Amino acid sequence: MKNIRNFSIIAHIDHGKSTLADRLIQFTGVCNERNFQDQMLDNMDIERERGITIKSNAISLPYRAKDGNEYILKLIDTPGHVDFSYEVSRSLASCEGVLLLIDAAQGVQAQTLANLYLAMEHNLEIIPVINKIDLPSADIDRVLEEIDSELGLDPDTHIKCSAKEGIGIEEILEAIIERIPPPKGDASNPLAALIFDAKYDSFRGTIIHCRVFEGSVKAGDIIKFMYNGTTYKVEEVGHFLLIRTKREELSAGDVGYIIAGVKTVADVRTGDTITLQNRPCSQPLPGFKEVKPVVFASIYPIASDDYQDLADSLEKYKLNDASFIYEKDSSAALGQGFRCGFLGLLHLDIVQERLEREFDLSIILSVPSVRYRFTLKDNTVIYVDNPAHYPDPAEIAKGEEPFIRAAMMLPERYLGTVMKLCMEKRGVNSNMTYTGPGRVELSYEMPLAEVIFDFYDRFKSVTQGYGSFDYDIIDYRESNLVLMDILVNSEKVDALSQIVHRDRARARALLACDRLKDEIPRQMFKIAIQGAIGGEIIARSTISAFRKDVTAKCYGGDITRKRKLLEKQKAGKKRMKMIGSVSIPQSAFLAVLKSDND
Amino acid sequence: MAGLYIHVPFCLSKCRYCSFYSITSAQLLPEFVKAIVQEIAFYKDIFSSFDTLYFGGGTPSLLTIRQAQTILETARNHFDISRKAEITMEVNSGDVSLEYFQALRKLGINRLNIGIQSFDNPLLKFLGRRHTAKQAVESIETARTAGFANLGFDLIYGIHGQNLKSWRQTLKKALSFSPEHLSCYQLSLDRKTPLYRQYKKEGLDLSSEKEALDFFITTSNILTEAGYIHYEVSNFARTHHFESRHNRKYWDHKPYLGLGPAAHSFSNNRRWWNKADVKTYLKDIGNGRKPVITSEMLSTEQIALEALFLGMRTADGVKLESFKKLYGFDLLTEKKSIIEALIDNKLVVLKNDRLCPTLAGMAVADSLALI
């Protein structure tokens with residue numbers, strides 16, 4: 001056990017986490033040049049393309065240190081986005097130390113701080129690593145100053161590296177061994193293992209990723225999930241090298257996997273404790289919480305014939321994403337579909353993209369919503385996350401919406417525009433701290449609904465990418481809510497209905513009308529687009545009729561060419577949804593959700 | 001019954017907007033005629049009778065009387081060409097004579113389609129036509145003198161530099177000859193043409209949607225008032241009798257056989273066409289091979305789409321009962337809400353179990369086919 005080090009890399013997005021992981025993997029020789037590819041631990045195409053890590057991952061790196069001893073360094077890769085902060089916390093709980101990676105040009109950012117706080121909560125050894133020192137814009141002195149003043153860490157403990165150029169990799173490996181303590185625990189105690197992730201394998205069922213804190217587990221043991229008491233017989237345990245590698249047993253200090261005939265990842269709760277049925281530990285490991293979705297939207301197939309395909313695909317997708325929930329839903333305008341819950345907007349984006357990409361589905365998403373709370377006049381309290389279930393306004397005594405505390409870090413020069421944006425988004429109770437020369441930490445309490453709408457894109461835009469943002473949900477607050485509908489040629493498009501604050505309804509409706517006007521192609525007759533609250537029209541736009549094709553001539557030699565052209569257009573139209581007599585493209589539905597600055 | 005089309009791919013010069021296949025050397029014309037004779041023979045067991053015959057091009061009036069006669073006689077030898085067949089030749093204003101027209105009449109050609117395009121000399125020059133307005137007038141008068149009682153004119157609108165006023169004058173002039181048939185085409189630019197390149201290079205604008213619609217509506221109004229029937233997007237006939245029987249076959253999915261380079265044929269849901277190259281054509285025929293380059297079997301869905309876009313180009317529209325029977329698709333029930341909206345917006349009407357485009361509907365015929 002003294003030769004094991006469990007560690008993780010934490011960083012603000014784009015500070016080079018995956019590249020550093022790649023270098024560590026290469027340096028320790030786990031994989032040769034031939035089977036190496038960039039972002040080794042990001043297995044999904046989406047992860048590679050977006051440059052973010054969505055799922056946790058783990059890998060064991062064998063390393064002979066300068067002291068002459070062989071060590072096993074276990075790198076637990078964590079997701080890099082605020083939507084997945086609970087997963088991050090469980091991964092960190094499985095480690096004894098972290099590399100806190102900071103971009104030499106960008107310095108400390110909001111998620112640097114948020115991640116540092118998480119690491120501190122778990123009493124982890126923190127090694128600050130300044131990455132990208134090869135960049136011309138690198139400003140190491142400033143970063144050192146920030147490590148001292150903003151992070152409160154000893155700047156002398158830092159390591160400089162360029163993961164891209166392979167500089168400083170050995171120093172990092174040595175520091176992991178010298179500074180991160182080996183795991184504690186006793187293999188003879190009752191088993192206590194923390195689940196930090198689970199993946200679905202079509203041959204083996206769920207692969208549980210865990211960190212063993214006490215005791216040991218081997219094939220044949222009957223394990224018990226402490227959250228719900230379910231038991232399974234262990235089929236196989238092992239370590240993660242580049243691929244899963246079977247071992248006799250996992251014991252205290254180990255990070256590895258357990259296969260135990262668990263059918264879906266939804267049967268496993270990240271953060272739960274695994275123990276043995278016949279010799280359980282006295283209490284679960286701390287920190288478990290049930291992750292609840294905060295953003296909801298409906299998914300519909302563009303072609304109603306594809307409903308069954310969508311149902312099958314969601315079922316398959318769900319196998320690997322325990323935090324995604326869905327149930328049947330139906331829309332007057334869009335037909336049969338599903339109401340889904342997500343951890344955040346990025347999560348929603350990812351689900352949408354994976355359904356389209358991996359399952360080859362064309363889908364339409366309704367406008368995302370948060371979960372509102374209504375107290376009716378008879379004192380019953382209901383939660384509504386679907387505008388279709390908006391209560392009769394005459395029955396509502398009180399409406400409430402979830403609030404968050406947003407933590408932002410930005411250069412001082414953007415302070416004015418960001419504060420203006422936050423106030424526009426109904427932000428209140430601001431707090432401001434100068435964390436260093438020219439840098440500000442700003443916090444606001446804001447309605448979650450404003451944040452999911454287009455806050456993040458606009459924040460990025462007004463801070464020209466220099467600002468960073470993180471949030472926590474705090475409570476429900478009373479709010480003057482209304483249901484805003486969108487009508488296309490007098491037909492209500494229920495997927496575009498939104499629950500909004502009354503003061504924001506008109507602006508939101510105007511924006512939706514404008515977006516739809518830009519995205520819906522002109523058709524043979526005039527199209528009226530309206531935003532309405534109940535029977536009251538609050539916004540409108542019009543798309544003029546399309547009046548003349550280039551009809552030219554059409555004889556024997558023209559027919560096939562013309563047919564092919566029309567077939568192509570027809571295929572394009574299949575990706576549109578007929579609402580009454582108007583064809584609405586998928587892009588129109590998406591455009592309603594996009595920010596002003598796209 | 002089927003239609004027979006002969007493509008004569010030779011021109012003295014290329015008009016700058018034209019995308020039909022032709023070459024500007026008539027050197028190979030004699031060999032071409034021999035090849036056509038052989039190609040006709042290839043199809044003697046596949047087609048049996050025709051009631052329309054159309055010499056198109058190119059410039060079919062480059063054929064000598066002797067050559068035209070050879071082709072016609074061969075066709076009559078191999079096929080049953082009905083006595084009342086409509087036999088059309090496209091002719092170019094300017095390079096024909098009274099003797100030539102009289103001889104054509106004797107061969108049994110009973111309809112001439114004269115490429116006039118405009119009665120405005122600067123526009124004729126812009127289009128790259130070799131003739132003047134005066135020569136066009138002479139051709140028409142010569143045709144009448146030769147005794148042709150069925151004349152069609154081709155005209156083009158939407159040319160750069162042409163306004164509605166000048167177009168009205170061209171139409172008025174055309175009407176003064178009481179043609180039996182008029183084809184009025186909106187200028188479209190094929191990428192392969194010199195005119196397309198000129199428009200691009202000089203940044204000339206094609207008609208805007210509104211201008212094109214103005215031209216289209218004005219044309220229809222003027223000709224309808226003059227008693228013509230607007231029976232297809234670009235075609236007008238003095239009476240139903242004078243509708244181009246040959247061209248109707250294209251719009252009605254009737255069988256047709258096209259001979260010569262680039263000619264298209266259709267029969268039993270199959271469409272095939274010859275390579276657009278005279279030399280390959282001659283070589284293939286010389287080797288006893290059909291010069292067909294592509295042959296496609298159309299699925300029911302494809303035929304239905306064609307029937308819809310072709311039908312929406314014609315005043316007769318789409319016959320709903322037979323559409324349902326042939327393609328298993330009941331437009332009225334399956335597309336109920338959109339058809340109702342189209343009717344409300346006066347783009348289509350329902351009459352005698354037909355879904356017919358209105359004038360405004362014809363202007364968006366392609367889009368109507370995509371309902």
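Visitor: How far apart are the centres of domain 1 of chain B and domain 2 of chain B?

Guide: In this predicted model, the two centres, taken over C-alpha atoms, are separated by 29 Å. Domain 1 of chain B covers 2–251, and domain 2 covers 304–368.

Visitor: How many residues does the contact take from each of these domains?

Guide: Domain 1 of chain B gives nine residues and domain 2 of chain B gives eight. On the domain 1 side, the elements that supply two or more residues are helix H8 (209–225) and strand E7 (229–232) of chain B. H8(B) has the largest share, with four residues. By class, that side of domain 1 of chain B has six nonpolar residues, two polar and one charged.

Visitor: And between the chains, how many residues does each give to the contact?

Guide: Chain A contributes 25 residues and chain B contributes 37. Sorted by class, the chain A side has nine nonpolar, seven polar and nine charged residues.

Visitor: Which residues touch the most other members of the largest nonpolar core?

Guide: Those are A:Val98 and A:Leu100, in a core of 164 residues. A separate second core has 103 residues, including B:Ala212 and B:Leu370. Beyond its neighbours within four places in sequence, A:Leu100 contacts several residues, among them A:Ile10, A:Thr112 and A:Val129.

Visitor: What should I keep in mind about confidence?

Guide: Where pLDDT is low, predicted coordinates should not be read in detail. For chain B, the mean pLDDT is 95, and 100% of its residues reach 70 or more. The model scores ipTM 0.94 and pTM 0.72.

Technical notes. Residues are numbered from 1 along each chain as its sequence is written. Chains are lettered from A and ligands numbered from 1 in the order in which they are written. This is a predicted model: local features need pLDDT of at least 70, side-chain atom pairs count only at pLDDT 80 or more; totals for chains, interfaces and linings use all residues. Two residues are in contact if their C-beta atoms, placed from the backbone, lie within 7 Å. Ala, Val, Leu, Ile, Met, Phe, Trp, Tyr, Cys and Pro count as nonpolar, Asp, Glu, Lys and Arg as charged, and the others, Gly among them, as polar. pLDDT is the predictor's confidence in each residue, from 0 to 100. A nonpolar core is a set of buried Ala, Val, Leu, Ile, Met, Phe, Trp, Tyr and Cys residues joined through C-beta atoms within 7 Å. A residue is buried if 20 or more other C-beta atoms lie within 10 Å of its own, exposed if 12 or fewer, and partly exposed in between; C-beta atoms are placed from the backbone. Domain bounds come from an automatic or database domain assignment.
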